[in-house]
Amino acid sequence: MKRYSDPYLAGVGIGLVLLTAYALAGRGLGASGAFSSVLAGTFDDWVVLELAGVAAGGLVSARLSGRLRRAIERGPQLTASGRMFAAIGGGAVMGFGAKLARGCTSGQALTGGALLAAGSWIFIATCFAAGYAAAPVVRRLWR
Amino acid sequence: MMPLSETGALDPRGVLLTAPLIGFGFGWFLERGGLGDARKLTGQFYLNDLTVFKVLFSALVTAMLGAFWLDRIGLLDLDLVYLPETWVLPQAIGGALFGVGFVIGGLCPGTSCVAAAAGRLDGLGVIGGMLLGVASFDAVREWIRPFYESTSLGAVTFSDLAGISRGAGVAIVTGIALAGFAIASRIERSRS
Amino acid sequence: MTRLHRVLAFVAATLGSAAAFNDANPGYISAPALADQIMRGDSTLRVFDLRSLAEYRELHIPTATHATLEELSRTPFTGSETVVLYHLRSFDAGAAAVRARPRFRLKGPRRVYLLREGLYEWIARVREPRLAADASDAERAEFERASLFSRFFGGVARTNVARSEVSTGYWTTGVQLPAAASSTTESNARQAVLQVRRRGC
């Protein structure tokens with residue numbers, strides 16, 4: 001299994017991908033929006049197709065780096081089923097929050113943040129603050 | 001002149017075709033950076049793995065500087081790029097909820113797809129949870145509509161609100177990111 | 001920190017700080033400052049209304065002419081003008097047009113300003129200023145100045161109103177346009193904009 005690449009370089013790579021999206025499609029990245037569209041039965045939405053690409057890119061990269069494996073990533077104190085419950089629960093809270101905020105880390109923090117959108121920066125601030133506040137409470141999930 | 005989608009060089013079908021390609025690049029780099037691993041992602045919030053901050057902000061700054069300067073030299077018309085609108089309270093509360101959900105679930109919507117594609121079943125769990133969350137929002141949408149549509153400022157940048165130029169906003173964000181990277185280095189050094 | 005990191009950081013720092021000094025964005029002008037310039041008969045001043053023609057005809061800032069951004073980008077400026085642009089309200093979907101910089105890059109007016117809070121600000125602070133019953137001295141001073149404008153531009157200044165009727169800040173509420181329903185004007189404002197299509201993320 002190969003080592004992960006330098007986070008700054010990966011970041012620059014993502015930034016260039018985002019810039020390409022601005023330049024070609026006049027919009028940035030997204031993720032949470034795809035979930036709404038899929039629930040509504042709309043599959044020819046830009047974000048849905050984008051997420052399909054995200055999965056493909058993740059798959060190929062994992063394959064080429066020997067990181068493709070079936071697993072349930074979790075903290076040392078947590079059982080597999082405990083992790084799955086937490087994943088679903090956390091996902092549900094995120095889904096609700098992302099609808100309220102009209103986006104998630106991809107659409108608001110990254111895309112909107114790079115465009116200086118006010119609401120996106122509000123999202124970044126409260127998202128990180130809440131994460132740090134909640135982390136000690138759910139420590140058992142990860143440490 | 002870019003965006004090609006707005007200046008006619010790319011028709012709607014062409015624009016749709018760019019989606020999976022751009023997504024592929026996004027997923028590729030996310031996986032490369034290790035963001036398909038929930039333990040790595042949550043490490044940010046226990047201050048022992050600051051990858052999330054590094055990746056997010058270097059991506060943000062790269063795209064921001066690229067967009068600003070391409071616009072400045074006349075190759076990209078930034079006004080034709082979709083700017084997410086601002087709803088102060090819903091985004092503040094939604095962001096907080098999202099942050100809480102994130103430390104519980106360990107993966108965000110985008111990275112959950114990367115994780116799932118690499119075989120991580122917890123990624124599938126988050127995806128399932130997201131669908132539930134979105135569905136429950138739709139279920140109560142009418143009740144919370146007044147809140148959901150409150151405090152709208154339209155498509156504004158924080159530089160607009162602060163009365164400063166866009167370039168000044170860009171400089172400030174760059175400064176914040178670089179300072180953050182320096183702090184991240186310091187934190188990592190003190191823990192090793 | 002490797003060498004590559006240092007190079008990236010340096011490039012970012014350079015491009016970032018250069019951005020602060022290198023912006024073609026227009027600045028902001030306040031309604032009272034604009035009123036002052038109009039009253040003094042500044043001949044280099046050109047005020048443009050970016051809303052629809054119908055809205056312009058209903059009510060516009062005195063001496064303003066109507067224009068679309070396309071027309072503006074084709075207008076031959078001599079380079080000595082001071083241009084002021086306004087829309088209904090700055091923080092609005094119509095804000096895209098107001099923020100959008102017309103292509104004044106090469107040869108254009110010497111200074112371009114936006115009336116930050118648009119026509120609403122003009123009405124609230126120039127044409128129909130209101131003084132709250134419990135106003136502070138600073139507010140009284142501004143109201144004095146505003147009543148001069150208001151008389152000049154044919155509006156009505158009112159004193160002794162309830163605090164809630166005095167508009168402040170960005171959420172400029174409680175300001176009634178003298179003419180038609182504000183909801184239709186706002187949806188017109190939304191249309192008088194560049195093609196910034198809404199998309200979800």
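In this predicted model, four salt bridges are found across the interface of chain B and chain A. One pairing of charged side chains brings A:Arg67 together with B:Glu31 in a salt bridge, with 2.8 Å from N to O. Looking at polar contacts between chain B and chain A, the count is 36 residue pairs, with both residues at pLDDT 80 or more. On the side of chain B that touches chain A, helix 6 (residues 121–148) gives the most, contributing 20 residues.

The interface can also be described by its contacts and its area. In total, 117 residues of chain B are in contact with 109 residues of chain A, and the two chains bury about 9,800 Å² between them, of which 75% lies on carbon and sulfur atoms. Within chain B, the residues that lose the most area to chain A are B:Phe26, B:Arg32 and B:Tyr46, which together make up 8% of what that side buries.

From here we can turn to the nonpolar cores. The largest of them has 93 residues, and the members that touch the most other members are A:Tyr22, A:Leu110, B:Phe26, B:Phe57, B:Leu60 and B:Phe98. Helix 3 (residues 51–72) of chain B supplies the largest share of this core, namely 15 residues, while domain 1 (1–70) and domain 2 (74–143) of chain A each provide at least three residues to this core. If its neighbours within four places in sequence are left aside, B:Phe57 is in contact with A:Trp121, A:Ile124, B:Ala177 and B:Phe181. A second, separate core has 21 residues, including C:Ile38, C:Val47, C:Leu59 and C:Tyr86.

Note on methods
Residues are numbered from 1 along each chain as its sequence is written. Chains are lettered from A and ligands numbered from 1 in the order in which they are written. This is a predicted model: local features need pLDDT of at least 70, side-chain atom pairs count only at pLDDT 80 or more; totals for chains, interfaces and linings use all residues. Side-chain values use heavy atoms; hydrogens and water are left out. A nonpolar core is a set of buried Ala, Val, Leu, Ile, Met, Phe, Trp, Tyr and Cys residues joined through side-chain atoms within 4.5 Å. Buried means under 20% relative accessible area, exposed over 50%, partly exposed in between (1.4 Å probe, protein chains only). Helices (H or I, at least four residues) and strands (E, at least two) are DSSP runs, numbered from the N terminus. Domain bounds come from an automatic or database domain assignment. Contact means heavy atoms within 4.5 Å. Buried area is the accessible area (1.4 Å probe) that two parts lose on being put together, summed over both. A polar contact is a pair of N or O atoms within 3.5 Å; within protein, one must be able to donate a hydrogen and the other to accept it, and residues adjacent in sequence count only if both atoms are side-chain atoms.
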